[in-house]
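Hi everyone, thanks for coming.

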Amino acid sequence: MSVRRLAAPELQPKGFSFTPDNLAWAQRQIAKYPPGRQQSAVIPLLWRAQEQAGGWLPQAAIEYVAALLGMANIRVLEVATFYTMFLLAPVGRKAHVQVCGTTPCMLRGAGAIIDVCRARIHAQPFDRSADGDFSWEEVECLGACVNAPMVLIGRDTYEDLTAQSFARVLDGFASGHPPAPGPQIARQYSAPAGGPTTLTDASLYAPSGGDAATVADIVERPAAAPGRADAPSIVAAAQPTGEDVQRMAAVDAEALARTEEADIAAKIALLPKSATPEQKADAVGARPQALVAARAGAADDLKRIRGVGPVNESKLNALGVYHFDQIAGWGRAEIRWVETYLAFPGRIDREGWVGQSKLLAAGPAERTSRPAGRDEAAPGAGAPQKKA
Ligand code: FES
């Protein structure tokens with residue numbers, strides 16, 4: 001691990017103070033601790049300061065937090081220089097990549113990830129790429145060893161990487177549409193690569209009302225890690241059944257929806273209270289491509305998508321969305337934008353609008369009936385829906 005020092009004086013801003021919103025948030029954190037223990041809030045306050053300062057911690061921010069908590073500057077500096085989550089010099093505008101270089105990750109290919117950093121970002125850690133968008137460093141174990149090799153970017157980890165899949169992660173950040181964090185192979189979090197081997201009773205994951213699994217269309221993961229030599233043998237050793245895939249997709253979709261809801265709420269909390277629905281949506285995603293009018297003057301009946309009624313159909317039409325293939329082409333950024341704009345976070349994932357739209361857009365040859373939403377894909381409700 002590299003020596004951790006404050007950035008050179010010429011890079012340091014003159015001063016730092018929290019915005020009114022961040023100050024109010026900081027005071028709420030401090031109030032969680034009993035009198036005399038306020039310094040326990042030092043890590044969340046430094047993290048918020050780092051976010052406000054553009055992804056790194058200037059000396060002025062460290063001293064500001066020390067003053068806010070009544071701590072000696074050196075005590076806060078000790079914290080900031082100890083944890084690699086705190087960055088002490090300006091980093092890439094779009095992403096600072098922290099590559100785990102500890103033994104399990106190194107044995108599983110971290111060297112190839114570092115080679116990509118050197119080739120795509122800069123030959124030296126902490127130096128920014130020519131366009132200033134990216135920077136990287138090697139850090140010690142980040143606690144995701146079972147998914148080695150992995151990197152941390154901001155708050156998210158990208159796991160089970162190969163040089164190729166890591167390059168795709170960088171491409172995503174470069175285009176403003178980063179991929180979903182977590183394993184970059186067909187693995188559910190840190191479960192065995194072939195699927196869970198315990199707690200496999202599907203009823204464990206069904207809410208009491210009987211509303212249970214959804215289809216694999218909702219969460220799309222690559223089928224295997226391209227270029228990773230051991231992936232095929234691991235998958236072949238414990239091939240998941242169709243029911244396994246259905247159950248894993250349900251759990252993944254719910255987890256994805258919850259993660260997105262929390263992330264969207266956090267981003268919206270940073271906006272002024274007067275922010276419009278459009279400003280909120282712009283802060284968390286990308287507006288879908290709109291049509292001026294339905295093609296050939298004939299809009300698809302979007303109400304055929306389970307979860308879309310007349311009200312949502314007219315709202316979608318007002319956004320220039322008239323056809324199944326438009327919704328079928330939405331990625332994470334578009335889904336986040338629409339569900340934030342329409343004020344129903346998580347619902348598009350839970351109801352599987354994109355997967356349903358793919359089937360509907362594919363035409364009758366690709367489907368035998370109305371596509372299932374989450375409710376129709378409950379255990380015992382029939383075979384999982386086929387991907388378009
Ligand atoms: S060794 Fe890389 S996350 Fe633990």
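Let's begin at Asp133, which counts as buried at 10% relative accessibility. By buried I mean under 20% relative accessible area, with exposed being over 50% and partly exposed in between, using a 1.4 Å probe and protein chains only.

A word on the ground rules. This is a predicted model, where local features need pLDDT of at least 70 and side-chain atom pairs count only at pLDDT 80 or more, while totals for chains, interfaces and linings use all residues. Residues are numbered from 1 along each chain as its sequence is written, and side-chain values use heavy atoms, with hydrogens and water left out.

Back to Asp133. Which side chain does Asp133 meet in a salt bridge? The partner is Lys94, at 3.7 Å from N to O. A salt bridge here is a side-chain nitrogen of Lys or Arg within 4 Å of a carboxyl oxygen of Asp or Glu. Lys94 sits in the loop between H4 and strand S1 (95–100), and Asp133 in the loop between helix H6 (110–120) and strand S2 (134–139), so this pair ties together parts 39 residues apart in sequence. Helices (H or I, at least four residues) and strands (E, at least two) are DSSP runs, numbered from the N terminus.

Five strands form an open, mixed sheet in the order S2-S1-S3-S4-S5, with S2 and S5 as the edge strands, each pairing on one side only. Two strands pair if DSSP finds at least two bridges between them; S1 and S2 have six, in the parallel sense. Within that, His96 stands opposite Ser135 in S2.

How many salt bridges does the structure hold? There are 13. Another is Asp171 with Arg120, at 2.7 Å from N to O.

Lys303 lies in the loop between helix H10 (277–284) and helix H11 (310–318), and Glu313 in helix H11, so they tie together parts 10 residues apart in sequence. Here Lys303 is partly exposed at 33%, whereas Glu313 is buried at 13%. Salt bridges that share partners also join Arg48, Glu51 and Arg155 into one network.

Now for the nonpolar side. A nonpolar core is a set of buried Ala, Val, Leu, Ile, Met, Phe, Trp, Tyr and Cys residues joined through side-chain atoms within 4.5 Å. The largest has 25 residues, and those with the most contacts inside it include Val42, Leu57, Val65 and Val76. Helices H1 (20–30), H2 (42–52), H3 (59–69) and H4 (73–82) each supply at least two residues of this core. Which helix gives the largest share of this core? That is H3, with seven residues. Leaving aside neighbours within four places in sequence, Val65 is in contact (heavy atoms within 4.5 Å) with Val42, Leu45, Leu46, Ala49 and Val76. Apart from this core lies another, of 19 residues, among them Leu319, Val321, Leu342 and Val354.

Last stop: Leu204, in the loop between strand S5 (182–183) and helix H8 (231–237). Leu204 counts as exposed, at 53% relative accessibility. Thanks, and I'm happy to take questions!
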